[in-house]
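I opened this notebook to record what I looked up in the structure shown here. The entries follow the order in which I consulted it.

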Amino acid sequence: MIVASPKSVTEVKEIIAAHRKVLFVGCGTCVTVCLAGGEREVGIMAYAVRMARKLEGRPIEIEQVTIERQCENEFIKDLAEAVDRNEAILSFGCGAGVQAIAERFPKKPVYAALNTQFLGILEEQGVWTEKCQACGDCMLADFGGICPVTRCAKQLLNGPCGGSTPEHCEIDNDMPCAWQLIFKRLKEIGQEDRLKKIRPPKDWRGSSHGGTRKIVRNDHRI
Ligand code: SF4
Ligand code: SF4
């Protein structure tokens with residue numbers, strides 16, 4: 001899932017300082033699961049901002065709504081009436097959701113309430129870790145399902161590096177060495193031979209270094 005973290009109340013207050021009526025929009029998918037931008041977080045932020053503005057003598061009206069997905073027009077279109085009633089929109093979606101809303105309502109200011117962080121998973125209660133950088137050319141098959149692009153601090157495709165230990169990565173003592181994990185996993189599944197192959201430099205053209213990426217699936221177009 002997409003993992004995001006909330007901006008602070010101070011920052012959000014600053015972002016919407018110019019407005020007196022703001023629509024706070026939560027998203028019911030990834031950012032709800034990672035406890036950053038769902039109905040509950042929208043409610044908490046709305047309460048805090050209302051209180052702060054009241055204490056400053058500049059009260060604000062906040063309308064709250066949470067839609068199933070902010071990255072799909074099918075759900076965004078239901079916001080139209082609420083958008084009309086407000087001066088601006090504060091989106092609690094990921095960066096894609098914020099931009100989808102801004103495209104749908106070009107005449108309203110649209111702001112981001114979250115910092116979108118990475119593609120990852122819940123590791124344990126309250127801890128999320130990155131698992132994929134969406135590089136566009138997935139090599140997990142060769143690495144036992146462990147991604148060196150994301151999880152090796154040096155992004156080595158022919159690891160490990162000289163500083164690796166079974167306990168941790170040389171760059172970060174709190175992080176296991178991805179290459180130790182890859183080797184262990186390939187051994188467990190009887191595929192260590194995959195590591196005999198020297199991998200050529202990665203082709204990064206499918207990554208994000210050349211501007212916006214796009215997928216066109218003609219088999220799905222109408
Ligand atoms: S190889 Fe690329 S697509 Fe596959 S998990 Fe790693 S970053 Fe993601
Ligand atoms: S110690 Fe392991 S994870 Fe860290 S940089 Fe070296 S090979 Fe990569």
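Where is the place of A134? I found A134 in the loop between β7 and α7; helices (H or I, at least four residues) and strands (E, at least two) are DSSP runs, numbered from the N terminus.

**Basis of the entries**

I note that this is a predicted model, in which local features need pLDDT of at least 70 and side-chain atom pairs count only at pLDDT 80 or more, while totals for chains, interfaces and linings use all residues. Residues are numbered from 1 along each chain as its sequence is written, and chains are lettered from A and ligands numbered from 1 in the order in which they are written.

**Entry 1**

I checked the backbone of A134 and found a positive phi of about 50 degrees, although A134 is not a glycine. A134 counts as partly exposed because it has 13 C-beta neighbours inside 10 Å. For this term I used the following cut-offs: a residue is buried if 20 or more other C-beta atoms lie within 10 Å of its own, exposed if 12 or fewer, and partly exposed in between, with C-beta atoms placed from the backbone.

I then listed the surroundings of ligand 1, and A134 is among them, together with C132, Q133, C135, C138, M139, L140, C147, V149 and T150. A residue is taken as near a molecule if its C-beta atom, placed from the backbone, lies within 6 Å of it. The shell around ligand 1 divides into eight nonpolar and two polar residues, with no charged ones. In this classification Ala, Val, Leu, Ile, Met, Phe, Trp, Tyr, Cys and Pro count as nonpolar, Asp, Glu, Lys and Arg as charged, and the others, Gly among them, as polar.

**Entry 1: ligand 2**

I counted 15 residues around ligand 2, of which C152, C161, S164, C169 and C177 are the closest. Its shell has ten nonpolar, three polar and two charged residues.

I also looked up P160, whose place is in the loop between α7 (148-151) and α8 (178-188). The peptide bond that joins G159 and P160 is cis, with omega about -5 degrees.

**Entry 2: the antiparallel sheet**

Which order do the strands of the three-stranded open sheet follow? I read β1-β6-β7, with antiparallel pairing; two strands pair if DSSP finds at least two bridges between them. The edge strands are β1 (2-6) and β7 (127-132), and each pairs on one side only. From one strand to the next the twist averages 70 degrees, where axes are lines fitted to C-alpha atoms and angles run from 0 to 180 degrees between N-to-C directions.

Strand β6 (residues 114-124) pairs with β7 over five bridges, and L119 stands opposite C132 in β7. β6 and β7 form a hairpin with two residues between them, and G126 in the turn has a positive phi of about 85 degrees.

**Entry 3: the parallel sheet**

I found a second open sheet, of four strands in the order β3-β2-β4-β5, with parallel pairing. β3 and β5 stand at its edges with a single partner strand each, so one side of each has no neighbour in the sheet. The twist here averages 25 degrees from one strand to the next.

β2 and β3 pair over seven bridges, and G26 has T66 as its bridge partner in β3. β2 and β4 pair over four bridges. V22 stands opposite A88 in β4, and L23 stands opposite I89 in β4.

Is β2 mostly covered or mostly uncovered? I found six of its seven residues buried, so by the cut-off of 20 or more other C-beta atoms within 10 Å the strand is mostly covered.

The largest nonpolar core has 33 residues, and A4, F24, V25, V31, L90, F92 and L114 touch the most other members. Such a core is a set of buried Ala, Val, Leu, Ile, Met, Phe, Trp, Tyr and Cys residues joined through C-beta atoms within 7 Å. β2 (21-27) is one of the elements that supply at least two residues each, including also α3 (39-55) and α6 (95-104). β2 gives the most to this core, with five residues.

**Entry 4: domains**

The domain assignment, which is automatic or from a database, gives domain 1 (2-118) and domain 2 (135-210). Their centres, taken over C-alpha atoms, are separated by 38 Å.
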